[in-house]
Amino acid sequence: MKGTYLSVITLLLAAACQSADKSTATTGSASRSPIEGAWEVVENRVDGKLEKPVRPQQLKIFHDGFFSFIHYNPDGSFHGSGAGTYTLDGNRYKETFRYYSDTTWVDFADEQTWELQGDTLVFSGFKKVFDRRGKEMPADTWGGDKFVEKRVRAKP
């Protein structure tokens, strides 16, 4: 009798492990990105000067290799929104726009550096900008290497 219970438990555990493996395979990623989640900009410095927005400036969400964001200007007016794919390579972050409210930038990409400092995610850039053919352009195309954004995880 003990042997039967042990066999049933072993089969259930084996089935549970196989289900977990299948769900990981379907999502396409075995490990979660350290920046996964929703982040709000809490500090933005451009050319070393602190911007003082009238409302939260940006919400950016990272999930399973994709990003999406909405961005306001410091005066509270709409700046833009977009979405696409991202990759991390060491401290390098690269995003490629599939969608953007200004369609001029669809299929363009940029590189920034990133660092996770406790519960704060810091981005700085733009280090590189690429046109839709993948050709590197002057970083000044998007304002150059002039900003440092600090983000914290968004709370509901």
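Student: What pattern does the protein follow, read along the sequence?

Tutor: It's α-β-β-β-β-β-β-β-β-β-β, with helices (H or I, at least four residues) and strands (E, at least two) taken as DSSP runs, numbered from the N terminus. That gives one helix and ten strands. Keep in mind that this is a predicted model: local features need pLDDT of at least 70, side-chain atom pairs count only at pLDDT 80 or more, and totals for chains, interfaces and linings use all residues. Residues are numbered from 1 along each chain as its sequence is written, and side-chain values use heavy atoms, with hydrogens and water left out.

Student: How do I read a pocket, and what volume does the largest pocket have?

Tutor: Rolling a probe the size of a water molecule over the atoms shows where empty space is left. On a 1 Å grid over the protein atoms alone, a pocket is an open set of points where a 1.4 Å probe fits, with protein on both sides within 12 Å along at least five of seven lines; lining residues have an atom within 4 Å of a point. A volume is the space filled by probe spheres set on the points, which are joined across faces, edges and corners. Here, the largest pocket has about 590 Å³. Of its 27 lining residues, the closest to the centre are His71, His79, Phe126, Trp142 and Phe147.

Student: Is Ile61 buried, partly exposed or exposed?

Tutor: Buried means under 20% relative accessible area, exposed over 50%, and partly exposed in between (1.4 Å probe, protein chains only). Ile61, found in strand β3, counts as partly exposed because its relative accessibility is 36%. Across the protein, buried residues make up 31% of the 156 residues.
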